[in-house]
Number of protein chains: 2
Amino acid sequence: MFESAELGHCIDKQTYRDEEGKLREALLNIQYALKERNEFPVVIILGGVPTAGRGEMANLLTEWMDPRYLRTDAFGAPNDEEAARPPFWRFWRVLPPKGRIGILFGGWYADPFWGWDGEQDAARIDRRIERIVRLEKMLADEGVLVLKFWLHLSRGQLKDRLKKLASDKKTAWRVTESDQQFLKQYDRQIEHYRDLLMRTNLADAPWRVVEASDSNYRNLSVGRQVLETIEHQLARPSVKQRRVDAPPLVSSIDGVRLLDRLKLDYELSKDDYKKQLEVLQGRLNGLSLHPKFAELSVITVFEGMDAAGKGGSIRRITAALDARVYRVVPIAAPSEEERAQPYLWRFWRHIPPHGHLTVFDRSWYGRVLVERVEGFAAPAEWMRAYNEINDFEDQLDDANVIVVKFWLAISNQEQLRRFEERQAVEWKRFKITDEDWRNREKWEAYIEAASDMIERTSTPTAPWHLIAANNKYHARLQVMRHLCDALEARLKRKEKKA
Amino acid sequence: MFESAELGHCIDKQTYRDEEGKLREALLNIQYALKERNEFPVVIILGGVPTAGRGEMANLLTEWMDPRYLRTDAFGAPNDEEAARPPFWRFWRVLPPKGRIGILFGGWYADPFWGWDGEQDAARIDRRIERIVRLEKMLADEGVLVLKFWLHLSRGQLKDRLKKLASDKKTAWRVTESDQQFLKQYDRQIEHYRDLLMRTNLADAPWRVVEASDSNYRNLSVGRQVLETIEHQLARPSVKQRRVDAPPLVSSIDGVRLLDRLKLDYELSKDDYKKQLEVLQGRLNGLSLHPKFAELSVITVFEGMDAAGKGGSIRRITAALDARVYRVVPIAAPSEEERAQPYLWRFWRHIPPHGHLTVFDRSWYGRVLVERVEGFAAPAEWMRAYNEINDFEDQLDDANVIVVKFWLAISNQEQLRRFEERQAVEWKRFKITDEDWRNREKWEAYIEAASDMIERTSTPTAPWHLIAANNKYHARLQVMRHLCDALEARLKRKEKKA
């Protein structure tokens, strides 16, 4: 991995001057072309041996290009808002939109976790690497161009450089304790990073190792690779055109789908409902006041056919909670800013901090429901979404965010009855639109998509709860029960640990 | 102010039940109508005597209405990100977009500052009140409906309530030290708040004082006022239609405008430029490394005719700085999310935290330049913008954000020369569009608008620097000089204080 970056590459001053001028103009041009095309963003990640010039490289790239369309973010210790959410949240926050370039410094490789410290848990490392691989794969699939540089120095070069920096009063402050430490453990560290780089060296986002002892060579190497990679991506067919058909999902050959077998009708009197609801709301309220609640967050996801009773169920949850603790996020068509980002971005921005509950009224599952059925997403896109979504929810779970998902199931006849009722009652007319009627015509396609979704995204940590919703009362109680159970189970686990 | 809220209002259980049902339905309807019309947001602020039920009221309003289109935020001690920015930033962050309702709890009145503590500086209070008045006035002008409630308890009622809460094990924790303190100083506190409420009792955002000892009365009073006020606002002509013409600004009768008198041509050789630039960039870099730099932020604003050299000047600034320290924000047409907010919102979201510099390439001054000239803003809107902008920058200054504003001035002939050059040179063609040519036809109108702007928004803390820019070299050095001077002066002031 690092062999050809220890050959002593260098470029003389005159050549550098000539080449830099040309490169600069070309970079500026390609940057404007990127902006004009407005089809994909570029993420640049700078890793490397200490003092190899990551900061200088970021500054130089910004100097060469137009800083209005390029933004740099560095990641130190997480601040309050970051620490209360999953680790990747801070990266999603600063992801550049289409047409822009973002330098993320070390990005998801910046974590001190990656430094070798002699006693790392192999399983944990595997897990983290796996997560990075999935993230980069997903970004690439969404059209994000990810450029990863490793600025390399050999042991001898690092030693010389630290000595030189330390000997000059003006630069001595740049040499930190951890730099010295790196030098001492050079071989182990490099071995460790070699492993990391190899395992995250993806076809769509390969590592670009650059010898950094001669800054002329380093600068031109990085600059040209940025240029050529963007040029190449611009010359490729657009993401939309690249979408290939995925192999079709074959429904069961007898035509019976998961949701066809669900019992939808239950009897429940209004009085029983009221009594039980009160108990459950009290229980939920109590759980939200549990001291350990401040260490976790809850996300509830509501999906289901139109008029399945999502709104009513949501209101029974929120009525049990303090308004400062929860937020309801209705998901409709994405906004302009959201359309300029990978599709999960719009959900990442609403991830609650610890101590809060967020209700999603429709969700990221739109990708495999409405987007699939209406053809807004190509088969290859919604097919990979199952994995992307599972990975997303896995990250949430890891960060103590409980995900509770509900599919509210009603029969075709019941939907018709409710639609007609809505049209008849003056103040319910807001709730019924022409689109609802159009969607109704695609009932079978939705049932098929929903059945696939439930099967492919019900995980042990975030299972789908199928709620029989022909009887509203029954449905609301079931929702409350599952939510309370999930929350209680997690709080108990937390108590035991403490 | 509080007299009629100490009359012992109350409503019996049966009446309450009947009324609540009706109110609830009406609130839900008006909320949907608000969403459908999508013309203005509603901000609800809940103040009052301790234990009068602000939390209960927020919960109840959320229960009555559809929680998907209503969001509640409370404001405790500022977190990391909030503490590093002006005090109002946190409110701008959560302002509801058009069609939605936001409960901001105490909002800008929640600050403990407002509690009477026996030794307050009258001048500071005046200043804060003034700022709130301006904010609410601006929000009202932008169409935001601000509803402010004061939930009142008389001395005797508060005493009884605290006693009752304290005597029950389940509620005793709700009585805090500061509640007891409030009771002890009841008369002084109320006197103090009476003054605050009276001075912030605006025609567009009056205080609504509600007796809160009987919760039935309190709930219905608040609920009905929310309902009726939204109804009233929906029935009014829309903000657009309400815009009245402002009296015209009369330009000087001899037709000579501020910018006509500016000397635009300076001689400077490329060699001299390079030498001086290097010195200035070194100076700026040094200032950014000053230990006190971490306690302030810098905003530079670039305005000027097309092709005046904004981009080039900006790059000379950024080249002197570490890429992690600055951000360049180009301002073009507002996005969908931005259009759903008061016009200053899109700039508030880019306010840098301390230790950072943000360059705005065009800015909030678009309101009094392009929006005025093109008629996107009505006269009454851009006329009031001068004050709103001055107030915005004053807030920034107060929070240790230095604002350095540049108007890059070129002559009409020089612009023509540059436009033609851009069209001739292959890689500069990106920089010239049909719109640039169209804008050029309105040259005179822009000069007039810019002259007014400079005159009306040059304040001692944030003056406009007029930069003669026919010679690019001269302009860039002037920009660097003013920026360094402003930053140095502020750092010196900080040093002295320390």
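Which residues in H6(B) meet which residues in H7(B)? That was my opening entry, and I kept in mind throughout that this is a predicted model.

**Entry 1: H6 and H7 of chain B**

I looked up the pair and found B:Leu158, B:Lys159 and B:Leu162 on the H6(B) side. Their partners on H7(B) are B:Asp179, B:Gln180 and B:Leu183. By class, I noted 3 nonpolar, 1 polar and 2 charged residues in this contact.

Next I checked the geometry. Two packed helices are described by the angle between their axes and the distance between the axes. H6(B) covers residues 155–167 and H7(B) covers residues 177–184. I read an angle of about 150° for them, with the axes 10 Å apart. Angles over 145 degrees count as roughly antiparallel, so that is how H6(B) and H7(B) run relative to each other. I also wrote down that their crossing is left-handed.

**Entry 2: H11 and H20 of chain B**

H11(B) spans residues 270–288 and H20(B) spans residues 472–497. Their axes come within 10 Å and cross at roughly 25°. The cut-off for roughly parallel is an angle under 35 degrees, so H11(B) is roughly parallel to H20(B). Here too I noted a left-handed crossing.

**Entry 3: chain A as a whole**

I then stepped back to look at chain A. I found 20 helices and 10 strands in its secondary structure. The C-alpha trace spans about 85 × 50 × 40 Å along its principal axes. Of the 498 residues in chain A, 36% are buried. I also looked at contacts with a separation of 6 or more, and 83% of those in chain A are between residues 24 or more positions apart.

**Entry 4: helix H1 of chain A**

How far apart are the end C-alpha atoms of H1 in chain A? I found 35 Å. The helix has 25 residues, 13–37, and at 1.5 Å a residue it should span 36 Å, so the two values agree.

I went along H1(A) for burial and noted A:Leu27, A:Ile30, A:Gln31 and A:Leu34 as buried. What covers the buried residues of H1(A) includes strand S1 (42–48), helix H2 (54–64), strand S3 (101–103) and helix H9 (215–235) of chain A. Just after H1(A), I came to A:Asn38, which takes a positive phi of about 50°.

**Entry 5: where chain A touches chain B**

I counted across the two chains: 36 residues of chain A are in contact with 35 residues of chain B. Elements of chain A giving two or more residues to this side include H1, H2, strand S2 (70–72), helix H12 (310–318) and strand S7 (326–330). H2(A) gives the most, with 5 residues. By class, I wrote down 13 nonpolar, 9 polar and 14 charged residues for the side of chain A that touches chain B.

**Entry 6: Phe105 in both chains**

Is A:Phe105 buried or exposed? I had picked this residue for its phi, which is near 45°, a positive value in a residue other than glycine. Most residues other than glycine have a negative phi. A:Phe105 lies in the loop between S3 and helix H5 (122–141) of chain A. The cut-off for buried is 20 or more other C-beta atoms within 10 Å; A:Phe105 has 21, so I marked it as buried.

Phi of B:Phe105 is near 45°, and B:Phe105 is found in the loop between strand S3 (101–103) and helix H5 (122–141) of chain B. With 21 C-beta neighbours inside 10 Å, B:Phe105 counts as buried.

**Entry 7: A:Ala409**

My last stop was A:Ala409, in strand S9 (residues 401–409) of chain A. It has 22 other C-beta atoms within 10 Å and is buried. Leaving aside neighbours within four places in sequence, the contacts of A:Ala409 include A:Leu259, A:Leu262, A:Gly304, A:Ala308, A:Leu466 and A:Ala469. I also checked A:Gly309, which is 100 residues from A:Ala409 in sequence and 9.1 Å away in space, C-alpha to C-alpha.

How values were computed: Residues numbered from 1 in each chain as written. Chains lettered and ligands numbered in written order. Predicted model: local features only at pLDDT ≥ 70, side-chain atom pairs only at ≥ 80, totals over all residues. Helix = DSSP H or I, 4+ residues; strand = E, 2+ residues; numbered from the N terminus. Expected span 1.5 Å × (residues − 1). Buried ≥ 20, exposed ≤ 12 C-beta atoms within 10 Å, placed from the backbone. Contact = placed C-beta atoms within 7 Å. Nonpolar A, V, L, I, M, F, W, Y, C, P; charged D, E, K, R; others polar. Axes fitted to C-alpha atoms, helices over the stretch in contact; angles between N-to-C directions. Parallel < 35°, antiparallel > 145°, perpendicular 65-115°, else oblique. Left-handed = near helix turned anticlockwise from the far one by under 90°.
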